[in-house]
Amino acid sequence: MRSTPASKPRRRFLILLMAVLLLGVTEAMIGPYLVLFGAERLRLSALQIGVFVSMTSVSGMAVSILLGRRYDRRPGRQPAMLAASLAGTGYLLLLTGPPYPLLLLIAVLFIGPGSAAFPQLFALARSHADRTASGSGAGSGAGSGARTPLLRSAWSLAWAIGPLAGGALLGGGGYTAVLAATAAGYCLMVVTVLGLSGGPAAVREPAGTDRGPVVSARAAALPIAAFTLFHTAMFSGAVVLPLYVTRELHGSADAVGWMFSVCAAAEIPAALALLLPGRWSRRRAILLGMALMTVHLVLLATFTSTVALVLVHLARGVAIAFVGALGISHMQDLFPQAPGRATTLFANTAAAGALVSGIAAGGISQALGYHAALVCCAVVSAVAWLLFLLAGRQSPVGKLPVKAQEPAAAPEPFLGTAAGDRGPTPSDGS
């Protein structure tokens, strides 16, 4: 059966959806147990684990920036494949049980660069959506508003499956089985991305084309700071939680897996809910997500029942879905001509959060205890909410001039709202 022009974009999106799902399952299999691997198999202290996590984040940020710039110059699938290949190799090297200095080297050269695969897949999705929209006469990014929540829901589904799969592998074959399966997952993701034949062409906009608001680095500083602090609180809680549950509450590793899985399961309907028509505002939804993360962390520090802690992760799931899906779109609309760097910028707020959280959560936990660390996480999340609230009250930014003979098409309303809710405009400054 001959493929139609409409079937090619669908095929590309399905491939990207599968790649995101595979990448998510792979990272979710090892994510909740990497800290426990360091503590139980390698006999690392909480501070040593924190340094390991931070070194991984530093490397991931640097490589993500380089690959993001490379993507904007020449869009293609190669950066995503390279990042995943390095990560798979790194987890295979962990099977050797390396000494601590070598462990840090593996983190910097292999595991850290693997984090660049996530923004690369979302940059590919944005570029393919823009390419399809250009071919159909739609505005840039018109299709990406729906695709990003769908991809995020696939990511959430992966995190609902991955921790339980990792727990089953851990119970059956130990950390060796988990690490080997993680390496195999990255390999499968690379094979899937190979199916993206005919990458998106780099589009250079002619002078005078309206691509939306011109956003300076200063205007973007508050949302970037807010996203960074949000991820700092989120990852700090993830570093503290496994140790808090197993060492202070004397719970099991399986209970930790259930918490992460319930969180991911809650992300799926929350991300899909963003596609429903209604009076959703992107900025308000992001603020709600940040508020829910604060509530989640406060309740973590309050409850001691394992069942209660599992249920509390429902709020965490909704928070991650709202901020994750809408945050990516928010940054891509701030910098529409550079999808690689825009997506990397948002992803690097997560990497920066992980960087700070590794040392901060480990150090505070070791000095003041796990409960105090969770309280600090809640405070940081509340500050993130405040900064993003202030970001919506910034002074308006200018817009690129529009050719008189080629008026700009009105952007597609976001989730049934007015066009102003899609991003920063002179009317609301958000």
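Q: Which cut-offs decide whether a residue is called buried, partly exposed or exposed?
A: Buried means under 20% relative accessible area, exposed means over 50%, and partly exposed covers the range in between. The model to which these cut-offs are applied is predicted.

Q: Why is Arg 341 called partly exposed?
A: The relative accessible area of Arg 341 is 39%.

Q: Why is Asp 72 called buried?
A: Asp 72 has a relative accessible area of 16%. The term buried requires a value under 20%, so Asp 72 is buried.

Q: What makes the pairing of Arg 341 and Asp 72 a salt bridge?
A: The N to O distance between the two side chains is 2.8 Å. The rule asks for a side-chain nitrogen of Lys or Arg within 4 Å of a carboxyl oxygen of Asp or Glu, so the pair qualifies. By this rule the count comes to one salt bridge. Arg 341 belongs to helix α11 (residues 339–368) and Asp 72 to helix α2 (residues 46–73), so the pair ties together parts that are 269 residues apart in sequence.

Q: Why is Gln 120 called buried, and where is Gln 120 found?
A: With a relative accessible area of 2%, Gln 120 falls under the 20% limit and is therefore buried. Gln 120 is found in helix α5 (residues 117–136). Leaving aside residues up to four places away in sequence, Gln 120 touches Leu 67, Gly 68, Tyr 71, Pro 79 and Ala 80.

Q: What describes the packing of two helices, and which values apply to α8 and α10?
A: The description consists of the angle between the axes and the distance between the axes. For helix α8 (residues 253–273) and helix α10 (residues 306–334), the axes come within 7 Å and cross at roughly 35°. This crossing of α8 and α10 is right-handed.

Definitions and conventions. Residues numbered from 1 in each chain as written. Predicted model: local features only at pLDDT ≥ 70, side-chain atom pairs only at ≥ 80, totals over all residues. Heavy atoms only, no water. Helix = DSSP H or I, 4+ residues; strand = E, 2+ residues; numbered from the N terminus. Buried < 20%, exposed > 50% of the residue type's maximum accessible area, 1.4 Å probe, protein only. Contact = heavy atoms within 4.5 Å. Axes fitted to C-alpha atoms, helices over the stretch in contact; angles between N-to-C directions. Left-handed = near helix turned anticlockwise from the far one by under 90°.
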